[in-house]
Structure formats: structure tokens, C-alpha cells
Amino acid sequence: MSFEVVQIPVWQDNYAYLLCADDGTAALVDSPEAPPIQAELDRRGLRLTHIFQTHHHFDHVGANAALVESVPELKVWGGAYDSEHERIPGQTRVLRDGERATWAGETAVIHEVPGHTLGHIAWRWSNGAAFVGDTLFVAGCGRFFEGTPAQMDVSLNEVIAGWPPDTKLYCAHEYTQSNLRFALHVDPDNADLQALSQEVDALRAEGQPTVPSTLARELSCNPFLRCDTPAIRAATASPKGAPRHDVLGRLRAMKDGFRG
Ligand code: ZN
Ligand code: FE
């Protein structure tokens, strides 16, 4: 048994993911809003059994209460920090760094990836799909709301960058075009990035999603995974020998102030 990933666009730019198993059950990765999720379940005739949570932000847990009300036995799995802080409504299971979770015949390794929030986790499944929430976006990364640049540096450049290059990265927002404007600003001579930008503009013109990405593509295009390159060191005016997390902190601050 395995699962198929169905992408559900919600609001302006959120993605929820419905994992559809062969036996008619489904699991949800993050739950922004119930009606579009319920509609997809009904349309496919699937029974929701689990929610797999990346982090506690409202645009990721907003539908939990409503979904638990309609499915009282719904299992809600999430990370340890968010459980300790009781900020994932209905959480039934606590998953720690390196722990494994099994569903639909596949196994996920849980990776704690603090930075965007302190409780953020990523789900890397045995079928090559990884759900990274708001930690990494196509050609970008999440804002550092709770964590430090040093924490985000480990999350992005050691944890995620260490996965197999063909890992499919499912992020929780469609921010790609605006991320690319900044990426091209700091890494203008990157030919892979230029090619990606053209590909993305064509997809968006057709109303198509640009997610998932692959780790290989992000390693060659995403400036936040390229803090050790001369281009990004120069663009951030990093002093010679500055540690990578310092470059990352400068790059994120530049992005926060960027009006492209
Ligand atoms: Zn978030
Ligand atoms: Fe979000």
C-alpha cells in the first residue's frame, strides 16, 4: 500500500495536502480551512483518519477543531514542542526528532526543523515525499518568527540539505514568483535560477502550482541553501570568514525588506 498526494489550494496561497491511500482512507498534512478539504474528501469518497501537522500557525491548524468535531476519532499527530505548548488543537500523538511514523504502508521520519517556529517539524516519507511546511519554499524559506538564524541554518543547510537530492519537497505556500524576484536579485548570474524563473512564469500564467520542488533543484536555485557561495556572500556583504548562519541571517533580513 502507498498513498497519492493531492494538493488543495486554500485562500490566496496556502496548500493543504490530502494523502489518499489505496484502502479509501486519507490523511491531511496541515488544515487551513475545512470546506475545501471536506469537498475533496467527499468528491473522492475518502474517509479522513489522520492529520499530520508541521507547525501550530493558524493557517496550518485552523480546521482542526471542525474536522475533529465531524470525525471524533480523528488522530492528530504533531511535534513535541507544539504539544508541550498545547498549540495544536486535538493533538493525539507526540513525535520527536528522528522518530518514525507509519501510515498507509509508508514510513515517515520526523525531523525537527526550528526557525520559522520553534516547534516546526518536517515529515520525510519512504516514498520520497517530504512535507516541509513553512520552513522551505520554492526558491525561498519561511520568516524567522521564533527561531534564530543559527537554528534555521541547521534546519535548512544540514537537515533538509542532507536528504536524497530527488526528495520531493511539498511546501505549504505558493510564494515562488515573489521568492524568485529576490533570488534573482541576489544571485543574478545563476543559470539554473534563470531557467527556473522562466518555467515558473509559464506555470503561473496557466494557473498551475509550482510545488512540489525537488531538493536537487533547491540546492542549485534557492539562495537560502546557497549561503556558502561567493555570489550570496557578496550580495549580503558578509565579512570574509563569516559563519554560514550569519550569511543566512543577513540574507533573510534583506528579503524581509525587499520590495521587488
Ligand atoms: Zn507558518
Ligand atoms: Fe503558513
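Reader: Which strand is Asn14 found in?
Author: This is a predicted model. In it, Asn14 belongs to strand E2, which covers residues 14–21.

Reader: Is Asn14 buried or exposed?
Author: Asn14 is buried, because its relative accessible area is 5% and the cut-off for buried is under 20%.

Reader: What does the side chain of Asn14 join in a polar contact?
Author: The partner is the side chain of Asp59, at 3.0 Å.

Reader: And which residues does Asn14 touch, leaving aside those up to four places away in sequence?
Author: Asn14 touches Ile8, Pro9, Pro32, Asp59, His60, Ala172 and His173.

Reader: How does the radius of gyration agree with that of a compact globule?
Author: A compact globule of 260 residues would have a value near 18 Å, and the protein has 18 Å, so the two agree. The C-alpha trace spans about 55 × 40 × 30 Å along its principal axes.

Reader: What share of the residues counts as buried?
Author: Of the 260 residues, 53% are buried.

Reader: Lastly, how far apart are the mean positions of the positive and negative charges?
Author: They lie 4 Å apart, with 22 positive and 34 negative charges in the protein.

Conventions. Residues numbered from 1 in each chain as written. Chains lettered and ligands numbered in written order. Predicted model: local features only at pLDDT ≥ 70, side-chain atom pairs only at ≥ 80, totals over all residues. Heavy atoms only, no water. Helix = DSSP H or I, 4+ residues; strand = E, 2+ residues; numbered from the N terminus. Buried < 20%, exposed > 50% of the residue type's maximum accessible area, 1.4 Å probe, protein only. Polar contact = N/O pair within 3.5 Å; in protein donor to acceptor, adjacent residues only side chain to side chain. Contact = heavy atoms within 4.5 Å. Rg over C-alpha atoms; globule rule 2.2 N^0.38 Å. Lys, Arg positive; Asp, Glu negative; His and termini not counted. Charge placed at Lys NZ, Arg CZ, Asp CG, Glu CD.
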